[in-house]
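This report describes one protein chain from its coordinates. Please read it alongside the sequence and the model.

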Amino acid sequence: MPEDFFAVAPTDDSVPSEHNQIGVPLRPIADWQLDDSHFAFDSSILLPSMTADLADLIALIRANPRAPLSVFGHADPVGNDDYNKQLSGRRAMALYALLTRRVDLWEKLFQTALGGDDWRKGDQATAIMQRHLGMPVIAKPPGRAQLFEQYMTAISRDPDDKPFGLPKTAFLGAGADPNGKADFQGCGEFNPLIMFSAAEAAALEADHDKRNEENAPNRRVTVFLFSPGSKVVASKWPCPRALEGPAGCRLRFWSDAEKRRTFQAARRERTRDGDTFACRFYDRLTELNTGLGDGRLVHISLLIHDAATQKPVANTPYRLTRDGLIVDESKTGADGLVFKPHLAPGDFQLELDGKKPVFVPAVPVRFSRLVWVVGFEEIESQR
């Protein structure tokens, strides 16, 4: 039986209009994270410092050409729920606009300020862009749309040094919703990686700069790549739109969400304690299917394809080693997937089908996982 078909129980023939359905759960195969440091403070303005990190996302997208994306913005557990929800959504929107070359979305952010996120104040956004493009800041910039487009071109380039952009159909919602539902959204402060202890939180009230520094891992934008061919109906997507308030988020909270959101006796971290996410949808999305979880351990996910045919290298023996010790030894899945979660960061080696090691780069501790795509041609060249 083809793997796209499933055997299910028959329906009741007395009701011809009814039929059984089987749903395949959404399955993230990889993710990429953009740190808070690549945004202007309390703002959705993307800084040129993001270019190097963006190159990693572009490589990941090119290696998985049929894997749809969705963008999630996050804030830290300080301040107002409504503000944090919308600011994180605006950051997700800014990144989505960059990836899709949607100058009109940046113009929308420019025209509609939110608290400290005011692109117009002091000509902040245009000044940042002019400096990076080598334009005199005191001079009047070109038309704003032209400036936005030039800046997008400068900071988002593919490995061939050409401007990088994606169609809206590359995203999970395929652009069906004009306000980005399922394509980009903000989680606000509801899914932090770190929750201070009550004592830490109280002490940091006297030093907001230190609190801001300690909370930095919580302020992130995460892009998930889903299994090739994944589709959703945008209208049924559980997350509210990026610029909507948090009421829709609360509908998806765990029953103990308020406890999860409370500073407790001990400091809690996502990878160690597993109870820092208030939203059960996001919690399940990032953990149950593949073990992905926005944490500080390394989660190695290798999608192995034949470089010549671009087809998955399925059911093939592999060995993953580090420092000469075997970390994992098994076979690739039907989709060419090797997944090994909860490893300490380090350099790994992969042997595929008896061929000699392929270097798998180390991952900085602040990132949760590594995704690498290799093909037989590359393996052969490194034997």
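The sections below cover the model, its sheet, the helices against it and the aromatic rings.

## Model and confidence

This is a predicted model, in which local features need pLDDT of at least 70 and side-chain atom pairs count only at pLDDT 80 or more, while totals for chains, interfaces and linings use all residues. Residues are numbered from 1 along each chain as its sequence is written, and side-chain values use heavy atoms, with hydrogens and water left out.

The pLDDT, the predictor's confidence in each residue on a scale from 0 to 100, averages 81 over the protein chain, and 77% of the residues score at least 70. Residues 1-11 stay under 50, and the model gives them 11 contacts beyond four places in sequence (contact means heavy atoms within 4.5 Å). The pLDDT is also below 50 over residues 357-383, a stretch with 91 contacts beyond near neighbours in sequence.

## The sheet

An open sheet with mixed pairing is formed by four strands in the order S1-S5-S2-S3. Helices (H or I, at least four residues) and strands (E, at least two) are DSSP runs numbered from the N terminus, and two strands pair if DSSP finds at least two bridges between them. Strands S1 (28-35) and S3 (184-186) stand at the edges with a single partner strand each, so one side of each has no neighbour in the sheet. On average, neighbouring strands are turned by 20° against each other, direction ignored.

S1 runs antiparallel to S5 (residues 220-226), and seven bridges join them. Trp 32 has Val 223 in S5 as its bridge partner.

## Helices on the sheet

Helix H1 (residues 51-63) packs on the sheet and touches S1, S2 (69-73) and S5; its direction makes about 165° with that of S1. Helix H2 (residues 81-100) also packs on the sheet, touching S1, S2, S3 and S5, and its direction makes about 155° with that of S3. Axes are lines fitted to C-alpha atoms, for helices over the stretch in contact, and angles run from 0 to 180 degrees between N-to-C directions.

## Aromatic rings

The whole structure holds 15 aromatic pairs. Rings of Phe, Tyr and Trp (its six-membered ring) pair if their centres lie within 6.5 Å; planes under 30 degrees apart count as stacked, over 60 as edge-to-face and the rest as tilted. Phe 72 and Phe 224 have ring centres 5.5 Å apart and planes at 80°, so this pair is edge-to-face. Phe 72 lies in S2 and Phe 224 in S5, 152 residues apart.

Phe 72 is buried at 0% relative accessibility, and Phe 224 is buried at 1% (buried means under 20% relative accessible area, exposed over 50%, partly exposed in between, with a 1.4 Å probe and protein chains only). Ring pairs link Phe 72, Phe 224, Phe 226, Phe 277 and Tyr 282 into a cluster. The charged end of Arg 270 sits over the ring of Phe 277, 4.0 Å from its centre; the criterion is NZ of Lys or CZ of Arg within 6 Å of the ring centre and within 35 degrees of the ring normal.
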